[in-house]
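Trainee: I would like a close look at a single part of this model. Please go through it step by step.

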Amino acid sequence: MRSFNGTVLVAGATGRTGVWIVKRLQSHQIDYHLFVRSGQKALELFGPEIIDKLTIGSVENPEEIKASLGHAEAVICAIGGNVTDPEAAPPSAIDRDAVIRLATLAKEHGVKKFILVSSLCVTKPDHPMNKYGQVLAMKLAAENEVRRLFSEPGFSFTILRPGGLIEGPPLHHALQFDTGDRIPTGKINRSDVAEVAVLSLFTPDAHNLTFELIESEESPQHSLAHFFAMIRS
Ligand SMILES: NC(=O)c1ccc[n+]([C@@H]2O[C@H](COP(=O)([O-])OP(=O)(O)OC[C@H]3O[C@@H](n4cnc5c(N)ncnc54)[C@H](OP(=O)(O)O)[C@@H]3O)[C@@H](O)[C@H]2O)c1
């Protein structure tokens, strides 16, 4: 039986976390559609069988976003600007404005649940990462709008604030979840962030929740769902 009956639009599917989100949706047998900038990159990453699940476009373009929403009932957003590339669009355009644009259009389109990959320390204006185009402040502005839009009755949001993202297989570490942006630093596998994002589609404890997540000790996990109890108990 599927844990979530509906199509999930993944924005940023060809990113390093996005790829894992697609893999974890596949592993949970959840239907998905991918919004990507490059069809070629998507086909290289996921194979020719996903060709019917692609919309190619930019989150800077409202019409392209609308074309991607199709029958989506939920959105998982893992987009992020490239803060170290001076040629790239700044965090104000991607991490704030594009996320707000996506969330606004998704809600207008009838999407019920919005899951956003944000970051640890978004509420810390003096954090060193803010030297890069105020990226954390931009992410907080996007979070605020996602919370406002999707906290209305009939809708819901989940905002994940991971620590520094690293590469490794999922379900190999215990995790620490917290609220209130109290964890100063930490790291976590993108694969585990992806798994928690997918779990958030159908886990009641993730409903209307903003939380931080980092990994703790190495320890094989059957599921990551029980870590939500850390913040709901
Ligand atoms: N790096 C860290 O340690 C860290 C820590 C905490 C939180 N985060 C945040 O976690 C999220 C995921 O991080 P990541 O490292 O997986 O990111 P990533 O690999 O840089 O992927 C970012 C994704 O955003 C997409 N994107 C950027 N501009 C776009 C546009 N105009 N239209 C459509 N898609 C666009 C990229 O498309 P392409 O594939 O075409 O490039 C890519 O798929 C980001 O929001 C990041 O800021 C990162």
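Which residues of α4 are buried?

Mentor: Two conventions first. Residues are numbered from 1 along each chain, as its sequence is written. The model is predicted, so local features need pLDDT of at least 70 and side-chain atom pairs count only at pLDDT 80 or more, while totals for chains, interfaces and linings use all residues.

The buried residues of α4 are I94, D95, R96, A98, V99, L102, A103 and A106. Buried here means that 20 or more other C-beta atoms lie within 10 Å of the residue's own; 12 or fewer makes a residue exposed, anything in between partly exposed, and C-beta atoms are placed from the backbone. An α-helix has 3.6 residues a turn, so residues three or four places apart point the same way.

The helix itself runs over residues 92-108. Helices are DSSP runs of H or I with at least four residues, strands are runs of E with at least two, and both are numbered from the N terminus. With 17 residues, α4 reaches 22 Å from its first C-alpha to its last, close to the 24 Å expected at 1.5 Å a residue; the expected span is 1.5 Å times one less than the number of residues. A kink of about 30° is centred on A98, where the bend is the angle between axes fitted to the seven residues ending there and the seven starting there. A98 is also one of the buried residues of α4. After the helix comes G110, with a positive phi near 100°.

As for partners, the buried residues of α4 pack against β1 (7-11), α3 (62-69), β4 (72-77), β5 (113-117) and α5 (135-150). Contact means that two C-beta atoms, placed from the backbone, lie within 7 Å.

α4 also takes part in the ligand shell: α1 (16-27), α4 and β7 (164-166) each supply at least two residues. The largest share, three residues, comes from α1. Of the 24 residues around the ligand, T14, G15, R16, T17 and G80 come nearest; a residue is near if its C-beta atom, placed from the backbone, lies within 6 Å.

For the setting, the secondary structure of the chain comes to seven helices and 10 strands. Of its 233 residues, 44% count as buried. In helix α6 (residues 190-199), 10 of 10 residues are buried. Among contacts in the chain with a separation of 6 or more, 69% join residues 24 or more positions apart.
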